[in-house]
Structure formats: C-alpha cells, structure tokens
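Please prepare a short briefing on how the two chains in this model meet, together with a note on one residue of interest.

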Amino acid sequence: MRAGIIAGWLTVFVDTFKELPATIFLRPFGMETLSIWTSMLASESAWQATAIPSLVIVLANTFLTVY
Amino acid sequence: MMLLLAFVLPLIQLLTWAIEELTTTDLGTLEMVFGQYLLNTAGLSAGAASLVIAVALPIAYALRHAGSSNKERRLPVVARLATLGYAVLGLVIALGVLLLAAPLNETVLSMTGGAVLLSASLFSLMYGYLVRFLAIGFNSSAQEAEGHSLTVYGESRGGAGRGAVQLTQASLVAVSQEPRRRRVAGARPGVSSR
C-alpha cells in the first residue's frame, strides 16, 4: 500500500517539476519555476544559459525516476 | 547505443554549457535567483503531488469497495472520467481553469473582501495540476488497492472450484513477482499491467 502511494507521489512530483504550459498560464504573478526560466532563456536565444536550469531538471528527474 | 544518442550526448552538451556559463557569469545574482526558483519548483511539485494523492486515494478505495448496486456500478466510469485530464494538453487545461476562475473571481473577491484571488493564484495552479495529473496518482494507488488482497482469494474460493483458486493464486504470484519498476512504469492511463 505504502509503496504505491510513494510511487504515485514521486511520479506526480516528477511530472509537475517539468510541467511548462499549465504553469505559465496559471502561476501567481512573479512566481518563476525552473521550466519557465528555461523557456524564457530559450526564447531569448540564450542557449548556453539554459543549460543550468535544464540540467537541474534532468538530474533531479533522473534521480527520482531511477530511485 | 540508443541511450548514448538520446541521453548521454545531450547531457554532455548541457554539462559543457553549464560549466562555461558557471565560469563566465557573475555567480552572486545567479545563486540568488536560482535558489528561489528551485524552491518554488520543488514546493509546487510537492504540494501538487500531495494533493493528487490525497484526492486519488479515496477514489481508488471507493472503486475497490464498490458494491453491485445500481449507483455503485457506475463508479468505474466516473473514475475514468475523473482521470481524463491526463490525455488533455496542459495548455487546454490551463485555459479551462482560467475560464472557470474568471467569472468566480469577482464573487470570491467581494465575498472575502479582496483577500482571496482565484485566478492567477496558487488555487488555480493547484487545481490545474490536479486535473492534469490525477490519472497518474490514481492508477498507482488503484493498483496497490486492488493488489494482493485476501478478499480475492476469498471470492475465488467461494465462487468457483479448486482450479479457479489455483489460477488466481498463480496470477497473483506472477503479479507480485513482477519487477517493481515495470509496475511503476506501467502505471499510466490505458496501459494497465493487469
């Protein structure tokens, strides 16, 4: 029972961590997340600067998924 | 080979960019912004995950203990409808939540004296996340709730002969011996491992 809850919690956590469109539209004013930051930098063609937030997203999600 | 192409190469590119970026830019501003964004993201995700599980568990349990009365036989359909959001784009859900929140906004604002803002707030964000990701939380809780329960043995024993009991036991053992990761990966809508 507990394993299922933890698995579900982690899956939802990972999915919301990288969720972009719903977050952009529904976020409170001034609240930024890593995915919004990445998309903002990418829209300014600052490709090199997107590396840090996207790397954090990738590593966190990889760790949680493997775990 | 595929792993190398699809994961390792992009990761190396990201790593080199990140190292270049870290060595060339002013770390003070980056650190300030980065910690706040990371906290925001992790807090939102943790809240959404907890909310989704809190809503999904009662549904999963209601489905498991549903009787055969006329009303309760419709429960699977209702559960399927409730978890439909995962098949919809996040953008569409965001627009739906905004359309719902906009007319309610004025009422709630005047009722609470301007204290509670409905649209563009944590309420609407969490609601959107809930609609979008309920299927994931529901599927894994439902699998666990349905899983290796003693009542399955009891029902098969009462309803059928010995062969049915052995069949049920065999399938239950097969399910329980399945690797954990495959069952988690299978917890997606439409892809039920059972």
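**Interface of chain B and chain A**

In this predicted model, 52 residues of chain B are in contact with 38 residues of chain A, contact meaning heavy atoms within 4.5 Å. Local features need pLDDT of at least 70 and side-chain atom pairs count only at pLDDT 80 or more, while totals for chains, interfaces and linings use all residues, and side-chain values use heavy atoms, with hydrogens and water left out. Residues are numbered from 1 along each chain as its sequence is written, and chains are lettered from A and ligands numbered from 1 in the order in which they are written.

*Area and composition*

- Chain B and chain A bury about 4200 Å² between them, 78% of it on carbon and sulfur atoms; buried area is the accessible area (1.4 Å probe) that two parts lose on being put together, summed over both.

*Charged pair*

- The rule finds one salt bridge across the interface of chain B and chain A, where a salt bridge is a side-chain nitrogen of Lys or Arg within 4 Å of a carboxyl oxygen of Asp or Glu.
- This salt bridge joins the side chains of B:Arg132 and A:Glu19, at 3.5 Å from N to O.

*Residue A:Asn61*

- A:Asn61 lies in helix α4 of chain A, residues 51–66, helices being DSSP runs (H or I, at least four residues) numbered from the N terminus.
- A:Asn61 is buried, with a relative accessible area of 8%, buried meaning under 20% (1.4 Å probe, protein chains only).
- Leaving aside neighbours within four places in sequence, A:Asn61 is in contact with A:Val14, A:Phe17 and A:Lys18.

Definitions and conventions
Helices (H or I, at least four residues) and strands (E, at least two) are DSSP runs, numbered from the N terminus. Buried means under 20% relative accessible area, exposed over 50%, partly exposed in between (1.4 Å probe, protein chains only).
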